[in-house]
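This report describes one structure for a reader who is new to the subject. Please examine the sequence and the model before reading on.

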Amino acid sequence: MTAVSAAFLIGCGQDRHGRSCPHRTGKDLSGRTVAGPELWQKKLRCVNLERSTLTGLVSEANLSRGNLYEARLPGASLENVDLRGADLRRAKLTSATLSEVDLRGADLSGAVLGKGLLTNVSLDGAQLAGADLRAASLTHVDFTNADLRGADLAGATLSDSDLRGARMQGADVSKTSWENVVCPDGSRSNARLSCTDHLAQAGRHPGQPDS
């Protein structure tokens with residue numbers, strides 16, 4: 001087993017529950033089916049949506065620091081949603097549409113976003129180790145300083161996105177399309193240059209060994 005895989009299993013594979021805000025308890029909606037309109041324009045910082053199912057359109061909601069561990073959002077639409085620092089480990093967002101969503105510092109380790117449509121999404125400093133992004137469409141997505149080690153981006157399309165400082169050791173980028181993307185090392189993809197050859201040392205700090 002590789003060090004990345006081992007770290008992933010240790011970091012989230014043994015957990016049974018998501019993380020809650022320290023010294024604060026948010027609204028408990030865990031284990032429920034929650035329709036999008038129930039969250040529209042709501043300020044629900046630290047909300048507990050662990051293992052809940054979200055359906056329909058969620059718009060202009062503040063769910064920052066929320067617990068969405070193993071939440072199910074297949075085909076859901078999120079617009080102008082604040083999910084900064086949220087726990088979305090193992091969340092299922094297959095074919096979901098995210099627009100103007102703030103996921104800075106969120107933990108999406110092991111999350112499934114395959115075939116998703118992400119536009120104007122901030123994942124600055126987010127954890128995406130082992131995440132499934134296969135065949136996802138990623139436009140104007142900010143991945144700066146994100147942890148994408150072991151993530152699956154096979155067949156994904158990245159356009160006008162920023163990966164500076166992202167850690168991508170062990171990521172699957174087979175058949176990934178790079179259209180005007182800032183690569184982890186600061187270079188920019190174009191018609192003749194792919195980010196694929198600029199990932200080996202991505203995210204490493206001087207003197208830092210391979211993980």
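## Burial and the basis of the model

A residue is called buried when its relative accessible area is under 20%, exposed when it is over 50%, and partly exposed in between, using a 1.4 Å probe and protein chains only. By this scale, Cys-21 and Cys-46 are both buried.

The model is predicted: local features need pLDDT of at least 70 and side-chain atom pairs count only at pLDDT 80 or more, while totals for chains, interfaces and linings use all residues. Residues are numbered from 1 along each chain as its sequence is written, and side-chain values use heavy atoms, with hydrogens and water left out.

## Disulfides

A disulfide is taken here as a pair of cysteine sulfur atoms within 2.5 Å. A search of the whole structure finds two. In one, the sulfur atoms of Cys-21 and Cys-46 are 1.9 Å apart. The torsion about their S-S bond is about -90 degrees, so this disulfide is left-handed.

The other joins Cys-183 and Cys-195, with sulfur atoms 2.0 Å apart. Its torsion is about -85 degrees, so it is left-handed. Both Cys-183 and Cys-195 are buried.

## The sheet

Strands are DSSP runs of E with at least two residues, numbered from the N terminus, and two strands pair if DSSP finds at least two bridges between them. Seven strands form an open sheet in the order 3-4-5-6-7-8-9, with parallel pairing. Strand 3 (57-59) and strand 9 (177-179) stand at the edges with a single partner strand each, so one side of each lacks a neighbour in the sheet.

Three bridges join strand 8 (residues 157-159) to strand 9. Leu-158 stands opposite Trp-178 in strand 9.

Technical notes. Helix = DSSP H or I, 4+ residues; strand = E, 2+ residues; numbered from the N terminus.
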